[in-house]
Amino acid sequence: SSKLASKIIKNKILGDKISFAICGGSYVPIKTLKTINGLGYRLVNGYGMTEVGICSFEMSDSPKDRNSSSIGTSSKQYIYKINEDGELLVKSRGLHIARLVDGKIEKPLIDDAGYFHTGDLAIKDEKNRYFIKGKIKDLIIGENGENIDPLEIENKFKTIKEFDDFVVVGKESTNGEELSAVFYINPKYADLKMRKIKKEALQINNSLPLSMRIKHFYLSLNEIPKNASFKVIRYKVKDNLINSPQNFVKINIQNEISFTGFDKEKVDSIRKQLRKIFAEKLLIKENDIHYNDHIIVDLG
């Protein structure tokens, strides 16, 4: 029977005593929810913060709802609200009453209406179930002015097992922020893993919508900075890219183009003609166009 099969499987993993589990603290991939729930363990997504406590978790009996990454509806002790910026606000009698900063007690981070501003972006569906979409401070303003959540892009690249760490940040440009990816590999294995990483990263990047495609890939020579909770400190990565470029190696994640067997002078002549045509049509200088540039990703 299915119950017997489930029991046998569970005994080989975590046993059959676990009846309920809540995950939280950071984004949980839908694939993880589907896997754990599929094994027979009831796993749901929840939401809480040090300043507000545990506010909610998905309570539905429906596997579809549990696997959607919803944090559920707010419990009776809490009121959720999403402001015009898409930020989740929380109101409750259980909010923090003060903060200790440099040894001094300061007022709680609560507005005049009694709401705590979480800094998390959220949406809700027609059933009033809430979904966390990222953090306001992590948003990248793309070159077309759109808001891009780096976490959503990072999750697309998690299938690459050769990275020890991977983070997406925005690098300032004249038209906004260019999507830049920084990864770290143990130096002992970098040469062995790089070829596979480039191949898989190219495939994933080309499968993304144009607004989400990474423009620059970097290999960090140092480990990516993290806080006490082992979460990447994104702004430090961004600052290091700008202020300490010597600690990064730019990686070309593009299809390798070979002209082996062709007449070099003829190839160079055609390249120059094409570059001149692109420069005229795109209204940019010829010297700003490089032969390995991607017409959409690099030239816009």
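Start by selecting residues 87–92, strand β5, along with residues 116–124, strand β8: the two run antiparallel, joined by three bridges. Strands here are DSSP runs labelled E of at least two residues, helices are runs labelled H or I of at least four, and both are numbered from the N terminus. Two strands pair if DSSP finds at least two bridges between them. Click on Glu 87 and you'll find that its bridge partner in β8 is Leu 121.

A quick word on what you're looking at: this is a predicted model, where local features need pLDDT of at least 70 and side-chain atom pairs count only at pLDDT 80 or more, while totals for chains, interfaces and linings use all residues. Residues are numbered from 1 along each chain as its sequence is written, and side-chain values use heavy atoms, with hydrogens and water left out.

Asp 120 has Lys 135 in β9 as its bridge partner. What do β8 and β9 form together? They make a hairpin with five residues between them, and in the turn Asn 128 has a positive phi of about 65 degrees.

Next, go to the open sheet of four strands, in the order β12-β13-β14-β15, with mixed pairing. Its edge strands are β12 and β15 (248–251), each pairing on one side only. Select β13 and β14 (residues 216–220) to see a parallel pair with four bridges. Phe 183 stands opposite Leu 219 in β14.

Now show the side chains of Phe 157, Phe 163, Phe 166, Phe 183 and Phe 217, a cluster linked by ring pairs. Rings of Phe, Tyr and Trp (its six-membered ring) pair if their centres lie within 6.5 Å; planes under 30 degrees apart count as stacked, over 60 as edge-to-face and the rest as tilted. A search of the whole structure turns up seven aromatic pairs. Stacked or tilted: which is the pair of Phe 163 and Phe 166? Their centres are 4.9 Å apart and their planes at 15 degrees, so this pair is stacked. The rings of Phe 163 and Phe 183 also have centres 4.9 Å apart, but with planes at 35 degrees, so that pair is tilted. Phe 163 is in the loop between α4 (150–156) and β12 (165–173) and Phe 183 is in β13 (residues 176–184), so the pair ties together parts 20 residues apart in sequence.
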